[in-house]
Amino acid sequence: MTQNPNSVAGRSLDRADARLRNDEGLGGALRAFWDRVRSGDLGMIPVAVGLVLIAIVFSTLNPVFLRPGNLSNLLYDCATTGIISLGIVCVLLLGEIDLSVGSMSGLASALLGVLWINNGWPVAGAILLALVMGAAVGAIYATLFNRVGMPSFVATLSGLLALLGLQLYLLGTTGSINLPFDLALVRFGQNLYMPNWLSFLLALLPGAVILYTGLGARRRRQAANLSAGSLSVLVVKATVLTVALLFVVWYLAQGRGVPWMFALFVLLVVVMEYAFTRTKWGRSMFAVGGNREAARRAGINVRRIYLSAFVLCSTLAALGGVLSAARLGSSSQQAGSGDVNLNAIAAAVIGGTSLFGGRGSAYSALLGIIVIQAISNGLTLLNLSSSLRYMILGGVLALAVIVDSLARRSRASHGR
Amino acid sequence: MSDVSLAQAPRRPTRSGPRGEPVISLRNVSKNFGAVSALTDIELDVHAGEVVALVGDNGAGKSTLVKVLAGVHQPSSGTIRFMGREVALGSPSAALDMGIATVFQDLALCENLDVVANIFLGREKDPWQLDEVAMETRSWQLLNELAARIPSVREPVASLSGGQRQTVAIARSLLLEPKLIMLDEPTAALGVAQTAEVLNLIERVRDKGLGVIVISHNMDDVRAVADRIVVLRLGRNNGVFTPADSQHDLIAAITGASENSVSRREGRLAAAQEGLA
């Protein structure tokens, strides 16, 4: 084997190049992080800054905002739209869009009410049919996109109207169906909280997992003569995360605790993040979003990737619709209308998923929706009319897209 | 320093001419698109450890020939023998599985993914739990075999220079251990130093015992790296040259006449030189 002319003896395989700066330990990790930020790879920073600002502004205007009870309430709102936003992340990764997620969620909630309450279906059957409906709608979008070449923007825009029409048709003249309050699904959507011991235990889990997988990865990398990340960085990361989560759980436990529905949302986020980063499917998603032709030539079935993304998006939208019906205790004509669509898309973008494809993560849905719902919740607490709320949320979305575009330009000029 | 040892070694140990059975051998290959015959009775041999340059003017059929070998187009007639057996290159994946790798001019890299992800794109290890360590180790192995100048394989490809991207594309094509590798305009749009690096890369691939086909418009690059130069003109073979042959003959074969705009320009310049002297 030819030796690399630039290699320095005694260094591991991936750190052998003499021109490579060796970022070791905590200081190195911080420096690498700063380099990334300067080159336009902002990651979670806009969200963190935004949340701190929101907390300061709204809690000074109305101290109720930061009370544990209000925050638990906020997490309920996050879960429903957040799940829809998770689906949006899938299509955004491909550089596509689904504008009909609001209507899809409304249709799902109408299906739930009509089948379950009016027609006496078992609740599981009604939920399943709503999800299947979502998958079918996603498959239609994908077919229109793959076979006819219809831009997803147009296909889903027409879907927005068609699905809304179907929702109104199903609900008929009554306009809304109330779901009985004593049923498990509605309790799940309104006041089912985790026992405190369980939420504390679960708060320890992410740190433990990071430590465990991190140590395993270090061992394997060292065995393969690759540089292993510094141990101190790993420990600090796990510790900071655990302390932060324990604090959040402790604070929420002062009120009613962590809603089960939010736990479900977080679970879905973690599963999707694993799928995005650690599976061949996820890698193919990023590849198609980055360079469709390159992905096709690499033997990736591009059409199937588009199909999977659209189906996932609409199915998650349907799931979000079912949960929001449970949250509201009714299936109504208003479900899924108004700002649901925009909130779901804005959350993904604010969280750091690029509108231009090939860049993003499942966590962006989680963080973005917390920002959106915090603003929405804070404005509601201030008794502002929805006219002002819409204007402010519209401005926030515009700001998020501006940040995304500027960061993209900066990345291009820094070669990233 | 391997650069020094390369320079001191006999410059071209493999330039002793074709040896043994060719890796790929085309006989009377023709390709028609309706009434247009893009290729007519093409003959081409590429041996192991040999760089064959394919040159010709625009529309000479170079790209069509490469696409036939890559399995994108199927020939209308003629035979292709690969590793001594007659084969049908029915599809790009069939050609790839057989051991014919192609690096297209636009490289087809995903700029948002890192080097490892690009090298293993579509061929990841363990689809349900990607084996990043194994893929990274193999990537370094491939890159080191090419003595490549890639500082880090965990940077997105967007941060790499043109020459480095070419290196990644070539490393990716070597992943499946092909017998023949085709490079379409590998030095187009590269700077002087980067061009030299890519030419080094081509020589290293050749020294690994692969057959190499290079398409290029740049006669200097072709002369620098090729063992044989196959000229196509209007879809037909128009002579085989070695880098030792005169530029004049080569240009004449490419343009199809000894009297052409290139030779007229050279004649005029030479006359001007004499006039000055």
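In chain B, four strands form an open sheet in the order 2-1-4-5, with antiparallel pairing (two strands pair if DSSP finds at least two bridges between them; strands are DSSP runs of E of at least two residues and helices are runs of H or I of at least four, both numbered from the N terminus). The edges of this sheet are strand 2 (36-46) and strand 5 (85-87) of chain B, each of which pairs on one side only. On average, neighbouring strands of the sheet are turned by 30 degrees against each other, direction ignored. The model is a predicted one, in which local features need pLDDT of at least 70 and side-chain atom pairs count only at pLDDT 80 or more, while totals for chains, interfaces and linings use all residues. Residues are numbered from 1 along each chain as its sequence is written, and chains are lettered from A and ligands numbered from 1 in the order in which they are written.

Strand 4 (residues 77-82) of chain B pairs with strand 5 of chain B in the antiparallel sense over three bridges. Within this pair, B:Ile80 has B:Val87 of strand 5 as its bridge partner. Helix 2 (residues 62-69) of chain B lies across strand 1 (24-33) and strand 2 of chain B, and runs at about 65 degrees to strand 2 (axes are lines fitted to C-alpha atoms, for helices over the stretch in contact, and angles run from 0 to 180 degrees between N-to-C directions).

Strand 6 (residues 100-103) of chain B is joined by four bridges to strand 7 (residues 180-184) of chain B, and the two run parallel. B:Thr102 has B:Met182 of strand 7 as its bridge partner. In a regular strand the side chains alternate between the two faces of the sheet.

Chain B is divided into domain 1 (2-245) and domain 2 (246-277), with bounds from an automatic or database domain assignment. The centres of these domains, taken over C-alpha atoms, are separated by 31 Å. Their contact takes 11 residues from domain 1 and eight residues from domain 2 of chain B (two residues are in contact if their C-beta atoms, placed from the backbone, lie within 7 Å). On the domain 1 side, strand 9 (228-233) and strand 10 (236-241) of chain B are the elements that give two or more residues.

Chain A has 16 helices and two strands. Its radius of gyration is 23 Å, close to the 22 Å that the globule rule gives for 416 residues, so chain A is as compact as a globular protein of that length (the radius is taken over C-alpha atoms, and the rule is 2.2 Å times the number of residues to the power 0.38). Of the 416 residues of chain A, 40% count as buried.

Chain A is divided into domain 1 (45-54 + 61-192 + 259-403) and domain 2 (193-257). In this chain, 10 residues of domain 1 are in contact with eight residues of domain 2. Helix 3 (68-93) and helix 10 (260-278) of chain A are the elements that give two or more residues to the domain 1 side. A:Met272 is placed in helix 10 of chain A and counts as buried, with 22 C-beta neighbours inside 10 Å. Not counting residues up to four places away in sequence, A:Met272 touches A:Leu86 and A:Ala362.

Technical notes: A residue is buried if 20 or more other C-beta atoms lie within 10 Å of its own, exposed if 12 or fewer, and partly exposed in between; C-beta atoms are placed from the backbone.
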